[in-house]
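Welcome! Open your viewer, get your selection tool ready, and let us walk through this structure stop by stop.

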Amino acid sequence: MSITIDIQLNRSSKIYHPGETVSGVVVVDSRSDTRHDGITLTMDGMVSIQLSPRSAGLLESIVSSSKPIPLLSHSVAIAKSGKLPAGQTEIPFELPLVPRSTSKTLYETYHGIYITVHYCLHCDLKRSLLAKDVNKSQEFIVEYKTGAGGKDQMEAVNFEIRPETLQNVRDRARIPRFLVRGHLDSVNCPLSKPLTGELTVCECERGISSIELQLVRVETCGSSEGHTKEASEIQNIQIGEGDVCRGIAIPVYMLFPRLFTCATTLAPNFKIEFELNIVIIFDNDHLVVETFPIKLTRT
Amino acid sequence: MALEWKTAARQWGVEKKALTALPTSTHPLQGVRDRSLKEYEPSRDKKPKTLIQSMVMDPLSAVLDDGPDPLSDLLAASDPLSAQTYTGSQKGLKDSQEEEASSPSRWHTTWTQTQNHILANFTTSSTLTFMSSFLHPSDTAESRAVPSHRRVVKTQTAVPERHRAQGMSGSERIRARLEQMDTLDEIGSGVVREVGGLTQGEFTNRLNSLKQEMIEAWNSDQRVKALKIGIQCVKLLNLSAPEHFYPSKFVLVMDILSTLADLVYQRLKQKALNESSPASNASVARLEAQETARNWFYKVASIRELLPRLYLEAALLPCYSLTDEKEGEQALVRLAQMTRGIGDPLIAAYTRMFVCRMGVDVVPTLTHYIVATIEDFLHTLTQLQLSLAQGTWPEGETDMNMGEDKNVLAARVFAPPLQWMMQCLAGRASQQELQNIVRMCEGAEGLGQNLMLAALLNSFPNDFVALHALPLTQLIASCLYSGKSKHELLSALGRCVNKVPPAQQQQLSLLNGVWKLITHIPLTNDYLATAGVWLEYTAKHFSSFEVNTLLGDVLKHVGAERTQEQMHYSSLLMLVSTALTNSTDPHSLFSMNNFLGLLSVFQRDSGTSLIPALVQHLLTFCGALHDSINALTTDDERRQLSQLIISFIRQVNFGRDFEQQLDFYVNARAAFSNLDSVLAALIQCVCQLAVATWQVVHGQHSGKTAAFVRACAAYCFITVPSLTSSATRLRLYLLSGNVALLNNCLGQGDACMKAAIRELLEVAGSQDTEGGGSVADTLRTLTANLASTLIATPDPPDASPPLYLLRGLTNAIHSFPWPKETDTQAFLSITLLHALSAACQDDLPYHIHSVEGNDALYGGDPQVCQEANSLSTLLLQDVVTHIQSLSGVHEKRCGPVALELFWCIVTWADLTDTHMMNVATLMWSYIMKFIASQVVKQVRELLMKQSSCGKKGLPQLIQHCKG
């Protein structure tokens, strides 16, 4: 007498925007007639913040990590206690995707290292004392509506990397002479579009072994009473392999990964920001990094 | 029982019955078939076989007995061609349904050609290294069997993922990241095995087994694993050394990639179509498929390394047809640009080739990205030349590249990608774009220009090349790079202008410009090859005079190294045939001293030039062919050579100059004495010549023509004995005897006939049948042929008893020791009985034109009749004794012989004579005994028909037969 529950959303992409209605069906599959004490469906949304043990101290990190901030919580009983017939039973549901209180906003789904914004549907089938309850949860993704962030200026950013432009160099004499010019089409990047630009190695004394684009997230946790800021890599894309031809424009092109990015978020007690590093690695394994803060949007 | 032959006199006029033609409305074969079927159907079960055995049965219907008529068979069966087109169109329909965005299959075939070309040309003997986490344990075990000095097995354990950002500065992090990257794609499988010291074959096998594994993984729903295998394979392309194997490696990996891409594409396609079984869900399924496609794109776009990402993105380009074609186009252009990021020029070049290859399939109309790609390619080559000069390219050590000159190597390995890109461009780009390419070519230098020129000449449309022939020639002249050598370029240009000629006014200046370059080609072999191509051009568009000049130059080159002439025989021969086949006026060629000079290279010893020279030279060539025969030549080769020579001989025709023709035949006989079939053909030709002479003079020879035909007869008579096959000799003696008699050369005719009679016994003695039928059959036809000729042949003047030749033939057959187990002698004797009976008639049944027969010579002399009867009696005795001697198992053989003899008697013998009547009744008893009843019935019916001609004694015989 096994029972399985499945939550099927009406969108295969599972992407919903704030203010919309999340709808779908709960499918209960049971071999025989089953009694139950009611089926409830709960929609949860929460931000969990974990402080980095390195910057905030071990104790504090454990204490504050354990407190996720709820953003949203709705619960409905979709079936009263009674009997389920054998076979598949489909129970349709609809839940509005609105914050718990007007003061709260629904942030975009985000899975980071220290910060996670997570939305979930739980379905519980309560059974009599002797039998186990049956649970099922299903994550869904919240994204801002496109165009919600307002129009940002698409403005090309030119850059030039020379030995002279480098900061924190210990021994300038050991740096080979080189000049890399290029531009990014914009640092306000819509998440659905790739990051584009161009890069030209005008001259370089040493051989180059690789040119890479590194997408980095910068997560800031905490509020006024001291915060921690941590940067970590999301993805690394190689755009130049080997000793690239001089004087030829190499396209800079990177798609933003769907899972590990979200629109740049500035909340009262946490911040999610992104940076782009252009890394040039020479054939002696020395490398040069140029960093660009970028703002991700849903436009 | 006393046997005596008595010939009855025949009355030709009475017996002659005119045959009348009747129109028919049915197909003869069809009718036979219907009838036979009708007849046989009921009796099929009983005894159908006896019918087939009957002698007088229609042979056609006998053949048809086994199956239906072949003609109607063909009609009834469905036409194979139409069936093929039907299935073809069906298949085509299916194909087009399956892949909407498919490009013309022409491109696939050229691609396959390119692939095969690469695989065949780029091989290596040095060892290779293979790195993959998907190697089977057995693989490594196998490699352990490799001698230890060649084997390297390294095992790397995946770097455990350190907690990100744990006490690391930015640069440290990136370093750690880099280390991890190498193993990123193997996460899960954990171990990367590197196997070194592989030979090319082992390497290929390993790749193939990976491909197999990939397909298996895919089929067992491990799609990520399949993708990982694909990525690892592309990573193999990251290592350019050894350079001369790289192209083959590329093709091998490409094969795996395209398999993977196809799997992905087919699955998406299915998703979009199949899962939409309820019609309402069609759009939903399509959306789902699009979502899956996008997932694939995201997955591939996040591959860290440039090369695998590029290759896989390109391989997945066809999937854009499911989402957004426009997007696909943009992606294609972007990918073409992204190849700029690849530093190694070789790897970059092949990546470009791959992108263009996919691009041609996905967006066949787009060309500008190819132009841009070619531009980039040229740009990278300039950097390559720097490293060539510094000696940093190729990366592989010199021994790895088998000591090939690095410049040549560079030209060789870089040519296929450029060639392919140009080919893609040539088929679809506008004239304007092609012209831009030419301009780029002018602007390029060194290796780039060299390669560009070669690719341009080889792949661009011929009319375009022809239009720009002059500037291209200048480019070739100014291109100073040791990659593709000049002669290759010039040959390529030549081939183009051979197909499409340039404008009239440019033709001469082009030839001048080119020939200036050709004369300076250092190696004679290259020189000859190039000269051959341009000779065709010259021969096509200029007069023999220019051809002569060119040939003069060729002779100067070859003549410089006289001793090595032999080495260039084949190419020189090619030159001759090119000149001959393409020349507008081949005859005038032979008046050119340089052409003759070229020919004399082959003649070596023969300095005399006969008239007309053409035939003489061809005769020389055929002579060379003939001389090439030795003890080791197979029969088949001999046959082929004979065929060639015979067809040449038959081609030669001097018109009315018969003496010249005979002269030629004499020469030919001298030249081809080793080939029997050629000699036989020559004899036939001479006979033909004699008959042609006879036709010209309308049978009335003048002194001169008589002498000529006698010469012909003599030619035949002395040529025939040198043949080895006695049957052929007999046949040819007969033929030439006939022709001699026709031409009133009685002496020669008699000689031939005598020789033929001798030859007959030779044939009987040997087992030679010229390869067709049994000896007995050959003998029967030839004897009948000979005997019927002898009927009309007049006796020689000095023959004392008449029927000189026929007597000779009779004696020959009578006295030859025939083997007892055959009926040959009996049949031959019966044949002769016919002939003798005909020959002793007062009026011969036929005459040779303008030759007096024996009937005129003897004027009804009873001596003739007596002689004939006595000879016939002899033969009759032979036959009857033969029949009577047959007993036991051989008894059955009496039947056919008796039937033959019976007919002979009915036709010729005097039935009033009791002896003859006795023999006839005796034969009839044999017939009744041994011949099938149906045939006996038919014989009886035929006899009844004969009775109408009023032959004496026949009614009695019929009476007897009925009784």
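Predicted model: local features only at pLDDT ≥ 70, side-chain atom pairs only at ≥ 80, totals over all residues.

**Stop 1: chain A**

The chain has 299 residues, and 31% of them are buried. Among its contacts with a separation of 6 or more, 70% are between residues 24 or more positions apart.

**Stop 2: chain B**

Now select chain B. Its secondary structure consists of 46 helices and 3 strands. Chain B has 963 residues, of which 38% count as buried. If you take the contacts between residues at least 6 apart in sequence, 72% of them link residues at least 24 apart.

**Stop 3: where the two chains touch**

Show both chains together, each in its own colour. Here 30 residues of chain A are in contact with 29 residues of chain B. Which elements of chain A give two or more residues to this contact? Select strand E16 (208–221), strand E17 (228–241), strand E18 (249–254) and strand E21 (287–297) of chain A, and you have them. E17(A) provides the largest share of chain A's side, with 10 residues. Colour that side of chain A by residue type, and it divides into 16 nonpolar, 8 polar and 6 charged residues.

**Stop 4: the cores**

Next, select Val253(B), Leu257(B), Met421(B), Leu453(B) and Leu493(B). These belong to the largest nonpolar core, which has 193 residues, and they are the ones that touch the most other members. This core also takes in at least three residues from each of domain 1 (3–142) and domain 2 (157–297) of chain A. Another core, of 107 residues, lies apart from it; Cys687(B), Leu734(B), Ala755(B) and Ala756(B) are among its members.

Go back to Leu257(B) and display what surrounds it. Setting aside neighbours within four places in sequence, Leu257(B) is in contact with Gly230(B), Cys233(B), Val234(B), Tyr311(B) and Ala315(B).

**Stop 5: a pair of helices**

Hide everything except helix H17 (residues 345–362) and helix H18 (residues 368–390) of chain B. Their axes are 10 Å apart, and the helices pack at an angle of about 170°. Are they roughly parallel or roughly antiparallel? Because angles over 145 degrees count as roughly antiparallel, H17(B) is roughly antiparallel to H18(B).

From H17(B) come Pro345(B), Ala348(B), Ala349(B), Arg352(B), Cys356(B) and Gly359(B). H18(B) answers with residues including Tyr369(B), Ile370(B), Phe377(B) and Leu384(B). The residues of this contact divide into 9 nonpolar, 4 polar and 1 charged.

**Stop 6: two residues with a positive phi**

Most residues other than glycine have a negative phi. Select Leu803(B), which has a positive phi of about 60° although it is not a glycine. Leu803(B) sits in the loop between helix H38 (775–792) and helix H39 (804–815) of chain B. Leu803(B) counts as buried because it has 26 C-beta neighbours inside 10 Å.

Then select Ser850(B), another residue that is not a glycine and has a positive phi of about 60°. Look for Ser850(B) in the loop between helix H40 (824–839) and helix H41 (854–858) of chain B. Is Ser850(B) buried or exposed? Ser850(B) counts as exposed, because it has 12 C-beta neighbours inside 10 Å.

**Stop 7: Val919(B)**

Stay with chain B and select Val919(B), in helix H44 (residues 914–930). With 23 other C-beta atoms within 10 Å, Val919(B) is buried. Not counting residues up to four places away in sequence, Val919(B) touches Leu3(B), Val880(B) and Ile905(B). Try the distance tool on Val919(B) and Leu901(B): they are 18 residues apart in sequence, and their C-alpha atoms are 9.2 Å apart.

**Stop 8: Lys104(A)**

Finish in chain A with Lys104(A), in the loop between strand E8 (87–96) and strand E9 (110–111). Lys104(A) has 14 other C-beta atoms within 10 Å, so it is partly exposed. Beyond residues up to four places away in sequence, Lys104(A) touches Leu71(A) and Pro99(A). Lys104(A) and Leu71(A) are 33 residues apart in sequence, with 6.5 Å between their C-alpha atoms.

Technical notes: Residues numbered from 1 in each chain as written. Chains lettered and ligands numbered in written order. Core = buried A, V, L, I, M, F, W, Y, C linked by C-beta atoms within 7 Å. Buried ≥ 20, exposed ≤ 12 C-beta atoms within 10 Å, placed from the backbone. Domains from an automatic or database assignment. Contact = placed C-beta atoms within 7 Å. Helix = DSSP H or I, 4+ residues; strand = E, 2+ residues; numbered from the N terminus. Axes fitted to C-alpha atoms, helices over the stretch in contact; angles between N-to-C directions. Parallel < 35°, antiparallel > 145°, perpendicular 65-115°, else oblique. Nonpolar A, V, L, I, M, F, W, Y, C, P; charged D, E, K, R; others polar.
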